[in-house]
Amino acid sequence: MATTTTGSFYDTFYADGGWQYGLIREWLWHRRHMVKRFGLKRGMRMLEAACGLGFHTNLFCRMGFDCVGVDTCATGINTARQRYPKRDLNICDVRGDLPFDEASFDVVVTRGCSLYHYDLAAPAPIEATTNLMRYLKPGGRFILIIVSDLSGQRDPVKIWQNRLEDYRAHFSRFDANCTVDWHRGVVICGARRTV
Ligand SMILES: C[S@@+](CC[C@H](N)C(=O)[O-])C[C@H]1O[C@@H](n2cnc3c(N)ncnc32)[C@H](O)[C@@H]1O
């Protein structure tokens, strides 16, 4: 049965159709910047956190990963379930308990999760990373993909444009050897579960 929430920006945005992604372009981008960069192998168990309308959860399954998706927006997940009925898509807050075994994923990937668009030293993103790390196998890979022009702009009404050092500071709390890169407007972070 469909679950509903009302009132959030994403409920309205997703009800209006959300972002329109091109399959080939997204496939090629993620093959280069996610799969090859981090040496991911087909068959790996993957959790997409903040999967929105499920486009990339479905893409990652088609690329050969055993991928499931979670997002807090019920409109997004209910629409995603209709679009991709074979996929495992769940309404969950990434800061809370998830319906999976702990230490059961090789990879957690999050693309643009709203919590990482603002102050990366605030409790909410730290809580999210701490919680998501629980679901990784020891040594498993946490990947954040998120837009930023790196200007450091902290507009009170827009998303922040965090600098590479802000992302590095966030992920070095979890993994001293985390990587933080940038390619044409997109920050790509990789950290391992070290404990
Ligand atoms: C910029 S959208 C990205 C959606 C999708 N990953 C994509 O690339 O199209 C941000 C998403 O983060 C989700 N989100 C924000 N806070 C969340 C939380 N605490 N738990 C789960 N999802 C969250 C929103 O519902 C929204 O779907």
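The shell around the ligand has eight nonpolar, six polar and four charged residues. Here Ala, Val, Leu, Ile, Met, Phe, Trp, Tyr, Cys and Pro count as nonpolar, Asp, Glu, Lys and Arg as charged, and the others, Gly among them, as polar. In total 18 residues surround the ligand, the closest being Ala 50, Gly 52, Thr 72, Cys 73 and Gly 112; a residue is near if its C-beta atom, placed from the backbone, lies within 6 Å of the molecule.

A quick word on the model, everyone: it is predicted, so local features need pLDDT of at least 70, side-chain atom pairs count only at pLDDT 80 or more, and totals for chains, interfaces and linings use all residues. Residues are numbered from 1 along each chain as its sequence is written.

Now, let's stay with Gly 112. Where is Gly 112 placed? Look in the loop between β4 (105-111) and α5 (123-134). Is Gly 112 buried or partly exposed? Gly 112 is partly exposed, because 16 other C-beta atoms lie within 10 Å (20 or more would be buried, 12 or fewer exposed, with C-beta atoms placed from the backbone). Leaving out residues up to four places away in sequence, Gly 112 touches Ala 50, Ile 146 and Val 147; contact means C-beta atoms, placed from the backbone, within 7 Å.

Stepping back to the chain: it holds six helices and seven strands, that is, DSSP runs of H or I with at least four residues, and of E with at least two, numbered from the N terminus. Of its 195 residues, 37% count as buried. Among contacts between residues at least 6 apart in sequence, 60% join residues at least 24 apart.

Note on methods
Contact = placed C-beta atoms within 7 Å.
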